[in-house]
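Here are my notes on this entry, as numbered points. Please read them with the coordinates open.

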Amino acid sequence: MTATAEGPAAAKEVGAPRKRSEDARLVTGRTRWTDNITPAGTLHVAFLRSPHAHARITRVDTSPAREHPGVVTVLSGSDIADEQGALPCAWVVTEDMKHPDHPPMAVAEVRYVGEPVACVVARDRYAAIDALEEIDVDYEPLPAVTDMEDALAEGADLVHTGLGTNKSYTWVFENGDLDAALRDAPVVLERRYVQQRLIPSAMEPRAVLCVPEGEEFTLYSSTQIPHILRLMLATVTGIPEHRLRVVAPDVGGGFGSKLQVYGEEVIALLLARRLGRPVKWTESRSEGNMTVHHGRDQIQRLTLAAERDGRIRGLKVDLLADMGAYLMLVTPGIPLLGAFMFNGIYKMDAYSFTCSGVFTTKTPTDAYRGAGRPEATYAIERLMDELAAELDLDPIEVRRRNWIGHEEFPYETVAGLTYDSGDYESATEKALGLFDYDALRAEQAARRERRDPVQLGIGVSTFTEMCGIAPSRVLGSLSYGAGGWEHAAVRVLPSGKVEVVTGTSPHGQGHETAWAQITADRLGVPFEDVKVLHGDTAVSPKGMDTYGSRSLAVGGIALSSACDKVVDKARRVAAHLLEAAETDLDFDGGRFSVRGVPEEGRTIQEIASAAFTAHDLPDGLEPSLDSDATFDPENFSFPHGTHLCAAEVDTETGMVRIHRYVAVDDVGKVVNPLIVEGQVHGGLAQGIAQALYEEAVYDAEGNLTTTTMADYLVPSAADLPHFITGRTETPATSNPLGVKGVGEAGTIASTPAVVNAIVDALRPYGVHDVAMPCTPERVWRALRSGSGTGGSGAPPGGTAPGAGGGLGSEGGTR
Amino acid sequence: MIPATFDYVRPGTVDEAVTALADAGEDAKILAGGQSLMPLLRLRLAYPDSLIDLDRVDPLREIRDEGDTLMIGAMATHHQVVRDPLVREFAPLIARATETVADPAVRHRGTFGGSLAHADPAGDLPAVALALDAVFLVRSVRGEREIPAADFFVDWMTSAMEPDELLLSVRIPKLGAGWGAHYEKFHRTAQAWAIVGVACAVRRENGTVGEARIALTNMGSTPVRASEVERAVAGGAVSEAAFRSAAEHAADGAEPPADLHGSSEYRRHLATVLTARALAAAAS
């Protein structure tokens, strides 16, 4: 009997709320962050960055900077034009996609503020940064392109003159007869929503260190993707893949921003090759705000057709997605991840999705927590509340009339996905109970009745998402440049301790704990006896890394399979030692025993020792229990849930305060409920941040005005409510552990819940929308105009930089 | 980013500090906790030739009862001020406002005097000092002088102190029985600067307002005294309606900034709403 999909009967680690074993070192910083690693002789790099959104570089004079004390070399883009190659884009979404050249350091033209133009290498970081001021660059300014709709107009200024257009691609998906659905539809809602541009704000800034060893190189980087980065750097630089080792040491957060091949990584490698010495670069926060790829930035035009009873006929989605100045690793594909999610959890007959990628003179966009799916979920969940208001129905009831019933799974959606499992009814019932929905509706009515200056609104978000990226065949059909499998290896040491090697690359997710829990159960060894190794291509040679809530749903399955192979090998040794047939052995709690003779047995540790000495093994058996496995999922996983937000809106000031927030998530089987809880809390914080706080703002000249954390507001615990969380558990049927991803769910679900709550509070005042982030001034202006702000992306009161003086008041950053 | 090169001096006494400041010339900066200055240095928005660190000048941390006034040493940390029993009893407006400054880490390093000398109109304490008619005691090698709060804040991040003058302490007239105080801070996140703040103290007298003192944060290049409102409520009823009516004039004469967090128009509106609320809270 092999271990079953549910695991050995004595499963006691999976499901246990273990505190994360990696946290002590991560929280104290007594660990290997990239910037903490400084080999003898390390040189430090600083980048000179474009102050213009768009300009021709007519001259770069690096000679004065070369004379600066401590400077080793100064290079401009043209100095290394022949060897720097171009940064890769691995997702060519259409055959005719416009794909401009993207040099790691600009050579002839700059196209966003912050684009690297030159670099200084010096003996210390101070000298490098001081010398930047002595590089002389002449620019011939060109027109900034800051508005997507203007960028597509006839005669618009071009970001890339050679392309002849600012449109990178148009991608279309259609299913069903949308014209028929719209024709004579009793209810047609047309809305325009703007997903503002966001700046991923990982706690650890980017950092890269490249150490040359002869003709070989070890590159340390604060990255989510050591394996992909290694392949891409080999491709860009021509350094053979096997001469290049990439290490992601402990990494302090990424949220997609470190799913990238950055110019600074390429330059560090080239500098180490040129100079034969270790070189290091660590960004500052204000530098990072300009140059880490940004997220979101879409204009959504939506048309929803429905019956008078609220049933949806069809949905038309027309998107403009801001690519920024260049296409980076998966830039063009990000909005398309939403293509399959605009229908949400609802049944409809017709669906049409069109997305155009647009170039602007802004920082390139790419994956940010949720990546395409928050945008889609926002649109459909806002529309469902709009539909409820239009029909004077409760927003929960409108959803009930449209969602897929729990008995209808597996369900093929109008967007062509097959949802394997789900129970929207149970999650919603649970959420309504935790929220005390009826009591809050009564409170809302009472405040409306007495014209309370602080009104109450209730927002609903019944979401699903696709994650566990991804079935390789599906990625292939979308022209993505890689597969979606994941790899794991299990090494059983002579003492019976276990080393797990994973191709996932944790950067805060707690894999070291969760993977040890899975392994402990599958092998029947103590949790403490498992060590998880990751993030180093010399240690973990195969992997697809961590993004898209894939690590457990793909990598966890690979690990589980590798463990099962270990048990199978051990069984053969056990049968031999016990002089019994393999089929007569039971395996439970790490011990093989002869069925019916429980005192006759061998532990997995004894078998490990036997395999090590190899003195008495069955004929033809390799003396090793080590195993590996590669798992390619057949389907995505589809976490879902119901989030409810009650928001208080101060109608005199426009201030919004979250009064109550309930999140019921169904992420299938749970390995570690504490980790799940942490993911949900963090996800909620980021989703709420989009609704209320965060926005990357560019002025008309293309300057980013939110370069500091005084201007780009990231909420802290002090700004967030106490979250009430709950779970339902509908196992995924697409993988043997029944697990679904949890990394992005909170972010995806929460943004529309909050905005729906704000709009719900203000409907009696004639407000039907407030643009994100719903700042106090925007809410106040929506109240005054009585019609909402119509989703304008421009902040109120102009785009003047500098909230603040010495970062705090008006003149601060001028 | 990281700062440009500077000289660093760490005096142990006030005399040494004043001498160091005189010697250093015009391009010296006092480091008094560093919570505002260090970000400016790191972003290379300020390039002082030298920093004079007051961290070791312990006498400047003292908070003392001087009869009718309270003396708060320039180097008293925000944390120290918030917890000080004298401040809580005789200058509750300072305690309340200081509690809202940034976050605990900043409040442990940042100082009362540093914050005032920085003269950032978006900072919380300048408006408080103005409302309380605080008096600033400054010293240079040329001698000591006192500067009333009404004269201290000259322009955006500019005080009336000469480059060679060091802020030693601030005298706060005590608010006795009958006074209530409130700091109404309006900001988007806990760590963000006030879009508008209202520092308010009210003395009640026989069920009416005996006297009110009101100053506004981030409504101009300096903290702004809302004199019109003070006059309008004095002698009037303690009532929400009266406060709202008087507060209509809160932004009179102010020239509030416009930035990402609020337009001038919005700040004017906020000033009226928040002033009425601050009056009601202080009078309750």
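Which residue of S5(A) does A:Ala46 stand opposite? The answer comes in point 2. Keep in mind throughout that this is a predicted model.

1. Start with strand S1 of chain A, residues 43-49. Seven of its seven residues are buried, so the strand is largely enclosed by the rest of the structure. Both of its faces are covered. On one side sit A:Leu43, A:Val45, A:Phe47 and A:Arg49.

2. S1(A) has two strand partners to check. Strand S5 of chain A, residues 116-122, runs antiparallel to S1(A), and six bridges join them. Here A:Ala46 stands opposite A:Val120. With strand S12 of chain A, residues 279-282, the pairing is parallel and spans two bridges. In that pairing, A:Leu43 has A:Val279 as its bridge partner.

3. An annotation covers this region. The unreviewed UniProt entry marks residues 28-143 of chain A as "domain: Aldehyde oxidase/xanthine dehydrogenase a/b hammerhead". That span is 11% helix and 30% strand. Its end C-alpha atoms lie 47 Å apart.

4. Next, the domains of chain A. Domain 1 is 34-142 + 203-253 + 258-291, domain 2 is 368-469 + 635-813, and domain 3 is 485-631. The C-alpha centres of domain 1 and domain 2 of chain A are 37 Å apart. Seven residues from domain 1 and nine residues from domain 2 make the contact. On the domain 1 side, three of the touching residues are nonpolar, three polar and one charged.

5. Helix H19 of chain A, residues 776-785, is mostly covered, with eight of its ten residues buried. The buried ones are A:Pro776, A:Glu777, A:Arg778, A:Val779, A:Trp780, A:Arg781, A:Ala782 and A:Leu783. Within chain A, they pack against strand S26 (640-650), strand S27 (656-666) and helix H18 (745-762). They also pack against helix H12 (264-283) of chain B. Just after H19(A), A:Gly786 has a positive phi of about 70°.

6. Finally, chain B as a whole. Its secondary structure comes to twelve helices and 14 strands. The radius of gyration is 19 Å, close to the 19 Å that the globule rule gives for 284 residues, so chain B is as compact as a globular protein of that length. Its C-alpha atoms fill a box of roughly 55 × 45 × 30 Å along the principal axes. Buried residues account for 54% of the chain. Of the contacts in chain B between residues at least 6 apart in sequence, 64% join residues at least 24 apart.

Note on methods:
Residues numbered from 1 in each chain as written. Chains lettered and ligands numbered in written order. Predicted model: local features only at pLDDT ≥ 70, side-chain atom pairs only at ≥ 80, totals over all residues. UniProt positions renumbered as here; feature names shortened; annotations may be inferred. Helix = DSSP H or I, 4+ residues; strand = E, 2+ residues; numbered from the N terminus. Rg over C-alpha atoms; globule rule 2.2 N^0.38 Å. Buried ≥ 20, exposed ≤ 12 C-beta atoms within 10 Å, placed from the backbone. Contact = placed C-beta atoms within 7 Å. Domains from an automatic or database assignment. Nonpolar A, V, L, I, M, F, W, Y, C, P; charged D, E, K, R; others polar. Pairing = 2+ DSSP bridges.
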